[in-house]
Amino acid sequence: MAPAPRERDITLSGHGFHLHEWGEPGQPVILCLHGFPEYGGAWADLAPHLAGFHLIAPDQRGYGQSWAPQNVGDYTASKLVGDMAALIDTLGIARCTVLGHDWGAAVAYGLAMMKPELVSRLIIINGVHPAPFQRAIAAGGAQTEASQYIHYLRRDGSEDALAENDFEKLLALFSAKMDLSWLSSDRLTAYKQAWSGPERLRGMINWYRASPLRVAKPGEPITDLPDLPRERLMVPQPHLLIWGADDSALLPEATEGLEDYAPDLTRVTIDGADHWVCHQKPETVARTIRDWLGAQNNRN
């Protein structure tokens, strides 16, 4: 039987956050972290296939019904990771599996690296570790080309342009070269509602503005990148990377060398799916997660 969804509000460090949950307390926890331009409800396609787990999916800072400060400085990685560390502590969870997609992967990696005592296992779905990704977007090649939209999003006022004509440009960016047929009328209505709060898009896009990642121009590599200390960027937990093979926003080169930072890494590629693999093939994604977690339990 599919777990029934629940929603509730919680206060973290004096600010309000909204949670979406499936499953029951006492079941193994999976903390599910969405990316851009989704919200906690985006995990509804995957959740029915993960019955037996307690899925906790917050609207992250700037998204959905959670706190959305307007200053770019409120969206640094340490603050975004701090939100989720506070959530784990407030809910009284000792350690849990953390699952991240897209920008949610950045926060998930941050938790795994900065707060390893909170993360038992790390699952990433079409998301990137900061070190391989920075190298790829600075190289001037295919990933640099695919990431040029970041320059557009970082411009002043980009949120206003994306919201015009009932989010026409945001939807175009969302679906560029990828299959968005899963975004049905009811689901699309829910997404537009999540984007429609007061200055909501500004909070969402401030994630891009606050990021220190440097994106080259195509054919013009950046050659003065700062050192990325490997010892601070290690993922000590067992790590599963699920990859929709047809992703046109994040290319395989964005994960090259990940093994240097994640020595206990398992890679699984899902054909016939792209960046939105959780919506396109939720049964396959869930089966992959279940099989991997089962194998990890058998190791212990």
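Which residue forms a salt bridge with D74, and how far apart are the closest N and O atoms?

Modeller: Happy to! This is a predicted model, so local features need pLDDT of at least 70 and side-chain atom pairs count only at pLDDT 80 or more, while totals for chains, interfaces and linings use all residues. Residues are numbered from 1 along each chain as its sequence is written, and side-chain values use heavy atoms, leaving out hydrogens and water.

The partner of D74 is K79, with the closest N and O atoms 3.7 Å apart; a salt bridge here is a side-chain nitrogen of Lys or Arg within 4 Å of a carboxyl oxygen of Asp or Glu. D74 is buried at 16% relative accessibility, whereas K79 is partly exposed at 35% (buried is under 20% relative accessible area, exposed over 50%, partly exposed in between, with a 1.4 Å probe and protein chains only).

The structure holds twelve salt bridges. In one of them, R187 meets D45 at 2.6 Å between the closest N and O atoms. R187 lies in helix α7 and D45 in the loop between β3 and β4, so this pair ties together parts 142 residues apart in sequence (helices are DSSP runs of H or I, at least four residues, and strands runs of E, at least two, numbered from the N terminus). R187 is partly exposed at 24%, and D45 is buried at 16%.

R209 and E159 form another salt bridge, at 2.5 Å between the closest N and O atoms. R209 is in helix α8 and E159 in helix α6, so the pair joins parts 50 residues apart in sequence. R209 is buried at 15%, and E159 is buried at 10%.

Finally, R6, R8, E21 and E24 are linked in a network of salt bridges.
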